[in-house]
Amino acid sequence: MASTVKIPFRDRLVAEQNLERIRQRLSAIAYDALPNLLADSTDPDSALNLLERLCATAEEPVLKLFARSTPRDQALLHYVVELFAHSQFLGETLIQNSDLLHTLAREKNLDRSHGREDYREHFARFASRSLETDVALLLARFKKREYVRIVLRDVLGIATLAEVTAEISALSDVLIEEALRSASADLQKRYGAPQTTDAQGRAVEPAFTVLALGKLGGNELNYSSDIDLLYLFGDGERHGEGRGELRETTNREYFIRLAQQVTETLGKVTAEGQVFRIDLRLRPQGREGEPAVALSHAHRYYSERAHDWELQALIKVRHSAGDVGLAREFIRGVQARVYKGGTEEDIPGGGPSLRSGSGQSAPASLTPPERLNFSAIETALNTRDKISNQRRRAVASGQESASIDVKLDRGGIRDIEFLVQCLQRVYGGKERWLRSGGTLFSLQKLHDKQHLGGKDFHELTLAYEFLRKVEHRLQLRRGQQVHRLPESQDELRVIARSVTEEAKTGEEFRDLVEQRMAAVAGIYQRIIHSQQQQEGKDREAEFRLAATIESSGDQSYQQLLERLAADSPALYEVAVRRELASHTRRNLHRFLSSAFTGSERYGAILREPQAVERALRLFGASDYLTEMLIRHPEEIATLARLRGENRAGEAPLFGNEPMSAASADPVFDYVAQAKLAHPERLALLRQHYRHRVFAAAACDVMELRGVYDSLAEMTTAADEATQAALAIAGAPAGFAVVALGRLGTEEFDVASDADLLFIHDEGTDIKAATRAAERMMEALASYTQEGTVFAVDPRLRPRGAEGELVTTPKALAQYFATEAQAWEALTYTKLRFVTGNEALAEQAIATTQQAMRRFRVGNALAEEVRAMRTKLEKSDSAANFKVAPGGFYDVDFSASYLLVRHGIGETRGNIRERLYSLAERGLLSDADCATLDAAAELLRTLEHVIRLVLGRARKSLPVVEHAREVTERLTGRVLGRAFAGGLEQELAQSAAQVRAVYERIVR
């Protein structure tokens, strides 16, 4: 075990005692890894205390999870330590629900955000397995279990702030939805369903909806937020009789009871805590109002009586649960009052009439003013003053600590939110595009519309993300609604370690927080308070000036263009082109704004105006590459270095010097050989692989080269990264790494997993070989602040997850001679040496191919292959162009089947090379080869383009219109042809032809 001397324990004696107790229960593999994990954790003491409790109480099968050697199991201890270090209350959840460890060990998509549908499905499974009858307890337990995954994505740096808060909000919507479902079922048993009559005199059930406001409304909920809800029901009196306790219950009474029961369910204190603390004070008339109100009453209230601050709160209103149509009707009806610069068409009664649940017209709003909505500024000022006065009184009376409050103190989260809402209300009447709920999204929109200057936009965005991260870390500690920095230096250091590497001590961290908040306060003062000095002046012009001109060197986007005109006329000409598509222009603005945040970044784009021009194609086609450039503007230099040739008829983008993908990479060589600290080597490995992928993907979009050339370059980058990872792992001499799957066929792609097989010779100690494989997977697949290189999947080894992680040529041959199934034989036609002892790898490949001779006898191979193919077809919809009949699996199975059936072992390479080799041997007719080759090229090109456009794998065509349009256009241009009937029709025709060939071959 590594030394624990460098681990910053606060109580070393207790830590040593905990370590000894853990050693007695934890496997040697896991225990040896523990010191490094603790040293990197934010709170080693808390992590160790909770881990000792887990080891003391968990059953043996749970502890055995840490003893396995798959990548998931290697990551499992890391997940547990990080969770325990960051959160006491979720640590308790994990200890009490140790079955979650099995879920985490199986987790394959920790990098994927979950939405409503995911959480609905998860809850349905969870509820079906539970015997719990207390709905509140069931919901609270489910929430904490799902928080474990969300928090891991957060603290491991996998998810952005926007993704984290959106997931918490989506989960919350489902919890509210389930509480409403339960309450509705209960009330209908007691009173019967509410009814009214529609405009045609038919009996219908009035609608009921739950609206979210505040942070939930903006999809920006915290881990420990109150939730602001508004309950609405459709108009109309009860039709028919009730039953049960009250036979004459009015709809109003029914829906008030429904709102009360939903609130009670969500707010009930259970053994797992509350689901939520519910705040209904934003409803009409606040505390004095009824819990649920009719649509017509709500419209009248916000039209005639609501205070301006109540209207401001409606900026973030959105549907959360219940009837979505009623929610939309309400939101449409209040928009003109919220954004008082709206047009006549925005006003209920002023344009097409809006109808309530009973078919009655909603009341007309007041006529909006033609000028900008300056009452919004007064509201922001008054609210800010009230908050400041309340805070001062609370501190003076000793009710609150004087420690920094990152939410309510000047320059805090609330100031940023108020500033954004104020600007939205000032300009949102005339510019509908500004009407959105989320703060970060709204900041971007305000900047795009030039209502916020470049420097202000970046200062506010960085501050908001930083302060919200601080807020999250504070709340994770104990699961409490905390916004003030701790006064204890030890606690402050823990928060500092969890938030940033910029501050080494608690005092430095406090200073950093104060600096960020001071920057926000300065912007707020300049923009909001500027209107107080506008007596007798053109208030609109002055306010616009304050919102767009910063006091320091950076400027609004318009002023950035002016600066570009002076610094780089060539770049200025690119930035102001009128013919740019809106998607391209928006991404160009985002990129330039990001580049202007630092002198080095700005200098990089000034040096390469032609590269920025080349990037326009990326901005229009690939959100994935755009995001990479925005996060790493220095990569613009990569575009300047790319060289290649275009298709005939296209304007030249590059010179004629081809980019070499075959030469050894000096950076990966340096990573492999340099005497750097382990974290530094991992960071450099990830950074350089990301650079290689960006360079290859950018070349694909701009040069439109053939897909197999693209995948070959991606494969080369993956191979060289794997070789560097092996050097980091320090493998013994008798050790080799062989690839299968897409890496094996040299068709590795953006967001591909690497299927690897680890081999050792008979003379190499299996423990040393296993340790090398584990370290290698950790180097490639573990999550760090720089992300991962790529996911590693070793489950294609003999006996899958139950087999030894590292095998020998002899064991491989024996397995394929006696146990292997037909699908494994097909898979192992793709074996390819990657790194390590090449002679050992080739021996393993040769002996395996010899052992597969048993599959050549009889018809069992064809029967098993067809059975497996049918099973895959049924696993997904016909839209899946991988598993559907005639999809890529038909092409792949056909080629692999022929290779196994005829005992051909020396054919390697991509699918085209494998098909051509079969045709040369007379095992595949020229016509069938052409059909399968054309289909494979179409499908591989389509898959690759989708990954370039979206940054992730997708099994069917994109749903979003822009992404789908770009996908079809790029796919056609890469293939050099148009799809007369559209890409979907092309896929259908190809599938029919491929299925006919597959049926002839595999029989």
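Colleague: What does the accessible surface of the chain come to?

Modeller: About 41,900 Å², and 48% of that belongs to carbon and sulfur atoms. Those areas come from the Shrake-Rupley method with a 1.4 Å probe, and for residues only the protein chains shown count as cover. Bear in mind that this is a predicted model: local features need pLDDT of at least 70, side-chain atom pairs count only at pLDDT 80 or more, and totals for chains, interfaces and linings use all residues. Residues are numbered from 1 along each chain as its sequence is written, and side-chain values use heavy atoms, with hydrogens and water left out.

Colleague: How many helices and strands does the chain have?

Modeller: There are 43 helices and twelve strands. Helices (H or I, at least four residues) and strands (E, at least two) are DSSP runs, numbered from the N terminus.

Colleague: And what share of the residues counts as buried?

Modeller: 58% of the 1003 residues. Buried means under 20% relative accessible area, exposed over 50%, and partly exposed in between (1.4 Å probe, protein chains only).

Colleague: What's the mean pLDDT?

Modeller: The mean is 84, with 86% of residues reaching 70 or more; pLDDT is the predictor's confidence in each residue, from 0 to 100. Over residues 239–247 the value is below 50, and that stretch has 18 contacts beyond near neighbours in sequence. A contact means heavy atoms within 4.5 Å. Residues 341–371 also stay under 50, and the model gives them 62 contacts beyond four places in sequence. Where pLDDT is low, the predicted coordinates should not be read in detail.

Colleague: OK, new topic: cavities. How many are there of 30 Å³ or more?

Modeller: Three. On a 1 Å grid over the protein atoms alone, a cavity is a set of points where a 1.4 Å probe fits but cannot get out, and lining residues have an atom within 4 Å of a point. Grid points are joined across faces, edges and corners, and a volume is the space filled by probe spheres set on the points. The largest cavity has a volume of about 70 Å³.

Colleague: Which helix gives the most to the lining of that largest one?

Modeller: Helix 41, with four residues. Helix 31 (678–703), helix 32 (707–729), helix 41 (926–950) and helix 42 (961–975) each supply at least two. The lining divides into seven nonpolar, three polar and two charged residues. Here Ala, Val, Leu, Ile, Met, Phe, Trp, Tyr, Cys and Pro count as nonpolar, Asp, Glu, Lys and Arg as charged, and the others, Gly among them, as polar.

Colleague: R705 is in that lining. Where is it found?

Modeller: In the loop between helix 31 and helix 32. R705 counts as buried because its relative accessible area is 15%. Leaving aside neighbours within four places in sequence, its contacts include D700, S710 and V974. The C-alpha atoms of R705 and L975 are separated by 8.7 Å, though the two are 270 residues apart along the chain.

Colleague: What about E471, buried or exposed?

Modeller: Buried, at 0% relative accessibility. E471 is found in helix 19 (residues 454–478). Not counting residues up to four places away, E471 touches K215, N222, V406, K407, I413, V482 and H483.

Colleague: Last one: which phi value does N219 have?

Modeller: A positive one, about 55°, although N219 is not a glycine. N219 lies in the loop between helix 11 (214–217) and strand 4 (226–233), and is partly exposed at 33% relative accessible area.

Notes
On a 1 Å grid over the protein atoms alone, a cavity is a set of points where a 1.4 Å probe fits but cannot get out, and a pocket is an open set with protein on both sides within 12 Å along at least five of seven lines; lining residues have an atom within 4 Å of a point.
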